[in-house]
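Subject: Handover of a structure, with findings

Dear colleague,

Please find the sequence and the structure below.

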Amino acid sequence: MADRRLDLAVRLRPYRVLLASRAHAQMQYRTSFVTDILGTVGVGLAEFAEVWVIFHNVDVLGGLDFTAALLVFALSNLAFSLADMFVGHLDQLPRYIRAGQVDAFYVRPLPLLAQLMTSDLSLRRVGRLSVALVALIVALTTADISWSTATVALILLTIVSGTAIFSALFTTAGGLQFFLVDGAEFTNAFTYGGQYAAQQSQQIFPDPLRIFWTFVIPTAFVAYLPAVAILDLPGDPLAPTWLAWCTPLAAALAWALAGLCWRSGTRHYQGAGG
Amino acid sequence: MSIIETRDLVRDFKRTRAVDHLTLAVEPGEAVGYIGANGAGKSTTIKMLTGILKPTSGTVRTCGIDPMRDRIGVARRVGVVFGQRSQLWWDLPLRESFGILAAIHRLDPAAAAARTDRLVEQLEMGPQLGTPVRSLSLGQRMRAEIAAALLHTPELLILDEPTIGLDVLSKQRLREFLVAERRERGTTLLLTTHDMGDIERLCDRVLVVDHGRLAFDGTLPGLAATVGAQRMLVIDLAEPSLDLTGVPNTTLVESESGGLRQRLAFDAEATTAAAVLAHVSARHGVRDLTIEEPDIEDVVRRIYAASGRG
C-alpha cells in the first residue's frame, strides 16, 4: 500500500512540478495577481447580485426561496470556479496551436491532455471561489436542513462531481477547438452557458430546455438537483429526488463524451497539421 | 538498426502531396543535413518522425519505434529543437525550465543536476540562469533550447532551422557545441537549415528533398560536385588592373571599377583559395579579399533543375 502511494507520487511528480511552476509564475507579478483576484471576486459578487435582485422582488422563483437559491448559486459557482481554475484554459487551444506550443507538447513524454491541463493554473479564480464558499456556508447555516451523514456525503459528492462535469465541458470545448477556427465563442455557449443554467432553478425553464440541461448537458446535476434533495423540496416532476445521487454518473457520462471529443480532436490535428 | 527509417512515406494535405514516397535511413551516430526549398516537405517529415503528424501511407520508425503507436516512447529517446518555437517557459527564470523538463522526463534529480551543469557550462549559459526566458537574446535562447532538448540525453537530436536569425558568433558557438556533443556522446543529428555553413561544419551527409521526394543523398563535396557549385574569391586590388584571366582552375565572373574588384569562381575540388590568392598576389597588390560560399538555395535550385523540376 505504501509502495503504491509512493508510486503514485512519483507518477504525478511532473504534473506537480508543472502546476507549481504556473503558480510561481503568477506570484512574480504580485500587483497584477492581487488585482486579478479582486476582479474575480467582483465577478462572483456580480453573479450573486443577480440572485439578490431577483429575490428582492419575489419571494419564490421556480420553487426556490432565497436560501435555496443561494445554495444552488453556491454549489454551481463552487464547481465552476474549481473547474475553471484547473482546466478553464482548454478552450484557449487555438492560441496554443498558433504559438506552436502544441507541437512542443507532442515531443514531451507525457499525455497531451494532461500537459494542456497542467499548462496553466488560474489562481486568480480563487476570488470567485471564495465568494462561492462564503455563499455555501451562509446557505447551509441558514437553511432548514435535517442534517445526517447522507446530507454531508451528498454535499461533498456534489462538489466533486460538479467540478468534474464542468471540467468535462471545458475538455469537450477544447476538443472541438481542433475543428473550429476560433471556436471559443461557440463553445462558450455550453461552458459559460451551462454555468448560468446550473445556478438557476430548473423549473424556470420550459420543458425542452429543462431536458437539455438535465440529460444532454447535465448541469442540473451540479447544483439544482442536489440542492432540492438536501433541502427536501418537491423539486422538478421530470426529475425525481434520487437523481441527485446520480451526479457521479452524469459526470462519468460527460467525461466519456469529453474523452471522445478530445481524441477525435487530436486525430484531426495530426491529420491537418499545425 | 537504423535510428531513422522511412519506407514509401507519403503525406497528403488537402490539395498537395507534401511527402511523396520518401524512403531513407539514418544510422546511429550520423550527422545528416536535411535540406530543400520552403515547402519541399522537410517539416512534414520531421513531424511524422516525432508523431505530431500521421502519415497518409508508408512506414516510419524512429529509434525503432512507430511514433503513431508510441509517441511517448519516441519522445523519451529523441530531442527536438524547433528554431521558431520554444520548449521553455517564457515567464520563468531559465533555471526553472531545466528543472521542469527534468521532472517531465522523470530524470533522477542528482543526474539531472549534473547534466544541467554540464550543458550550462559547455554552452556558457551560467550568467543567464536567473534571467527570465522572455528577456534572453535570440542567440541565448537558442542555446537554451538546445540544452533543453539534450537534457534527457537523447540518442537522436532533431534540429529544425537551429541557426535561423542568429549572428555569426552565435552560430559559431552553437556549431562548436554540437560538434563536441557528437564527439562526446555519439548523438545522431538530423538538421534542416538554409545555412550552408551549418551543413559544412556539422554534417557528413546531406539529403536534399524536392517536392517530397529524395533528390540527393550523399556527402557535401559530392553534392557540390554534382551540381558544379563553386566557391567565389572576391579580390580588391590596390590599383585598377586588367581582367584576371589565366589564373589556373578559375573563371573570371565579374570585374568592377575598372578592375579594382574582381570575382573569381573556383572549384573547391581542383584548387584552394590559398593557391588562387598566391597566384594573384604574385602579380598584383591585393588590398582585401572575401570568400563567398555556394549558397544553399543555389545548390538546391541546381539539383531541382537537374531533376527536371523547380
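UniProt positions are given in the numbering used here, feature names are shortened, and annotations may be inferred rather than shown by experiment. On that basis, the unreviewed UniProt entry lists "transmembrane region" for residues 33-55, 67-88, 126-143, 149-170, 211-230 and 242-262 of chain A.

This is a predicted model, in which local features need pLDDT of at least 70 and side-chain atom pairs count only at pLDDT 80 or more, while totals for chains, interfaces and linings use all residues. Residues are numbered from 1 along each chain as its sequence is written, and chains are lettered from A and ligands numbered from 1 in the order in which they are written.

Helices (H or I, at least four residues) and strands (E, at least two) are DSSP runs, numbered from the N terminus. Residues 67-88 of chain A are 95% helix and 0% strand, with 29 Å between the end C-alpha atoms. For residues 126-143 of chain A the figures are 94% helix, 0% strand and 25 Å.

A nonpolar core is a set of buried Ala, Val, Leu, Ile, Met, Phe, Trp, Tyr and Cys residues joined through C-beta atoms within 7 Å. A residue is buried if 20 or more other C-beta atoms lie within 10 Å of its own, exposed if 12 or fewer, and partly exposed in between, with C-beta atoms placed from the backbone. The largest nonpolar core has 140 residues, and those touching the most other members are Leu71(A), Val72(A), Leu75(A), Ile165(A), Ala227(A) and Ala147(B). Helix α3 of chain A (residues 66-87) supplies the largest share of this core, 17 residues. Another core, of nine residues, lies apart from it and includes Ile235(B), Leu237(B), Leu264(B) and Val276(B).

Two residues are in contact if their C-beta atoms, placed from the backbone, lie within 7 Å. Beyond its neighbours within four places in sequence, Ile165(A) has contacts that include Pro218(A), Phe221(A), Val222(A) and Ala254(A).

Between the chains, the contact takes 19 residues from chain A and 24 residues from chain B. On the side of chain A that touches chain B, α1 (2-27), α5 (101-106) and α12 (247-272) each supply at least two residues, and α1(A) gives the most, with seven residues.

Chain B has 10 helices and 13 strands. Of its 310 residues, 40% count as buried. The C-alpha trace of chain B spans about 70 × 50 × 35 Å along its principal axes.

Yours sincerely
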